[in-house]
Amino acid sequence: MNIVVLSGSPRKGANTDTMVDTFAEAAREGGHTVEVVRVASKKIAGCLGCQYCFEHEGACVQKDDMAGVVESLKNADMVVFASPIYWFDITAQEKAVIDRLYAFGATGFPFTKTALLLDSHSEGVYDAAIAMYKATCAYCKWEDQGIVTISGMTERDSMASSPKLEEVRKLARRLA
């Protein structure tokens, strides 16, 4: 299976990257190809809602780094959305990419399977992100493969010692 991980953390080498790297390593061990796209390091504007993509076979009127993300997604069987929680939701960078997936409404989504990886400092802050993810899965007819939330990320390297990383590994290992 070809998996693309869209990582929304603007903090390179921090907790979300550790979580994503753990997932990617376990998925690769299972024979899957994994591409990690650090969307927070790209220049991606929010969706304009202009409908240009519906008149131009999914092409966006905006010429930014989202074009490369779309190319990666065209070959994906599965997409993993990974983000730290900032103010009770995914990062703005991750949300911009998700909003721009609207262009696939013109051509259909190439992937059918998804998963969600979230981390945060505090517990009990995941409701908005999970609700948006589940609603999107239902609307787009994506098959949710799993959701993992890991709190307690008080330091930049807290994830490395989190016992919940095993849940991330298990999710990657059970992919068919």
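This is a predicted model: local features need pLDDT of at least 70, side-chain atom pairs count only at pLDDT 80 or more; totals for chains, interfaces and linings use all residues.
**Group meeting: salt bridges, a helix and some rings**

K95 has a relative accessibility of 32%, which puts this residue in the partly exposed class. K95 has a salt-bridge partner, D99, with the closest N and O atoms 2.4 Å apart. D99 is partly exposed too, at 31% relative accessibility. Why does this pair sit about one helical turn apart? K95 and D99 are separated that way because they are four residues apart in helix α4. As a reminder, an α-helix has 3.6 residues a turn, so residues three or four places apart point the same way.

Helix α6 gives us another example. Here R169 and E166 meet through their side chains in a salt bridge, 3.4 Å from N to O, and the two are three residues apart, again about one helical turn. R169 is partly exposed at 27% relative accessible area, and E166 is partly exposed at 30%. Across the whole structure, the search finds seven salt bridges.

Now, one with another setting. R38 and D17 form a salt bridge at 2.6 Å, N to O. This one links distant parts of the chain, with R38 in strand β2 and D17 in helix α1, 21 residues apart. Are these two buried or exposed? Both R38 and D17 are buried.

That brings us to α1 itself. The helix covers residues 15–29 and spans 21 Å from first to last C-alpha, close to the 21 Å expected. Its buried residues include N15, M19, V20 and F23, and the buried residues of α1 pack against β1, β2, β3, β4, β5 and α6. Just after the helix, G31 takes a positive phi of about 95°.

On to the rings. The search of the whole structure turns up nine aromatic pairs. One of them is F104 with F111, edge-to-face, with 6.5 Å between centres and 85° between planes. F111 also pairs with W142, this time tilted, at 5.2 Å and 45°. That pair connects the loop between α4 and β4 with the loop between α5 and β5, 31 residues apart. F111 and W142 are both buried, and F104 is buried as well. Ring pairs link F81, F104, F109, F111, Y133 and W142 into a cluster.

Last stop, the surface. Y86, W87 and F88 make up a nonpolar patch there, with about 430 Å² of accessible area together. F88 lies in the loop between β3 and α4, and is partly exposed at 46%. Thanks, everyone!

How values were computed
Residues are numbered from 1 along each chain as its sequence is written. Side-chain values use heavy atoms; hydrogens and water are left out. Patches are made of residues with over 30% relative accessible area and no salt bridge: like charges are joined within 9 Å, nonpolar side chains (Val, Leu, Ile, Met, Phe, Trp, Tyr) within 5 Å. Accessible areas come from the Shrake-Rupley method with a 1.4 Å probe; for residues, only the protein chains shown count as cover. A salt bridge is a side-chain nitrogen of Lys or Arg within 4 Å of a carboxyl oxygen of Asp or Glu. Buried means under 20% relative accessible area, exposed over 50%, partly exposed in between (1.4 Å probe, protein chains only). The expected span of a helix is 1.5 Å times one less than its number of residues. Contact means heavy atoms within 4.5 Å. Rings of Phe, Tyr and Trp (its six-membered ring) pair if their centres lie within 6.5 Å; planes under 30 degrees apart count as stacked, over 60 as edge-to-face and the rest as tilted.
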